[in-house]
Amino acid sequence: MIVEAHIREYFACKARERSRIFDLELQLKEVEQLLVPPVFEEDVDELNVKS
């Protein structure tokens, strides 16, 4: 009985960790989108002309 409770707690803890990692990955993607401006085809054309 005690072992089952420990096993349940272990897997609940792992699920919370996975959820936290998922949340952090989403936050990281949001920050990356703010830091890296999207590249548009016009920008690429201008770069090709300059080089």
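**Notes on a two-helix model**

1. Let's start with Y10, which is found in helix α1. Helices here are DSSP runs of H or I with at least four residues, strands are runs of E with at least two, and both are numbered from the N terminus. The chain as a whole has two helices and zero strands.

2. A word on where this comes from: it is a predicted model, where local features need pLDDT of at least 70 and side-chain atom pairs count only at pLDDT 80 or more, while totals for chains, interfaces and linings use all residues. Residues are numbered from 1 along each chain as its sequence is written, and side-chain values use heavy atoms, leaving out hydrogens and water.

3. How much of the chain is buried? Buried residues make up 0% of the 51 residues. Buried means under 20% relative accessible area, exposed means over 50%, and partly exposed is in between (1.4 Å probe, protein chains only). The accessible surface comes to about 5,300 Å², and 64% of that belongs to carbon and sulfur atoms. These areas come from the Shrake-Rupley method with a 1.4 Å probe, and for residues only the protein chains shown count as cover.

4. Y10 has 47% relative accessibility, so it counts as partly exposed. F11, at 53%, counts as exposed.

5. The structure holds one aromatic pair. Y10 and F11 form this pair, edge-to-face, with 5.2 Å centre to centre and 80° between the planes. For the cut-offs, rings of Phe, Tyr and Trp (its six-membered ring) pair if their centres lie within 6.5 Å; planes under 30 degrees apart count as stacked, over 60 as edge-to-face, and the rest as tilted.

6. Now the charged side chains: how many salt bridges are there? The count comes to two, taking a salt bridge as a side-chain nitrogen of Lys or Arg within 4 Å of a carboxyl oxygen of Asp or Glu. E9 bridges to R16, with the closest N and O atoms 3.2 Å apart. E9 is partly exposed at 45%, and R16 is partly exposed at 47%.

7. The other bridge joins E17 and K14, whose closest N and O atoms are 3.6 Å apart. Both lie in helix α1 (residues 2-35), three residues apart, which is about one turn of the helix. E17 is partly exposed at 38%, and K14 is partly exposed at 29%.
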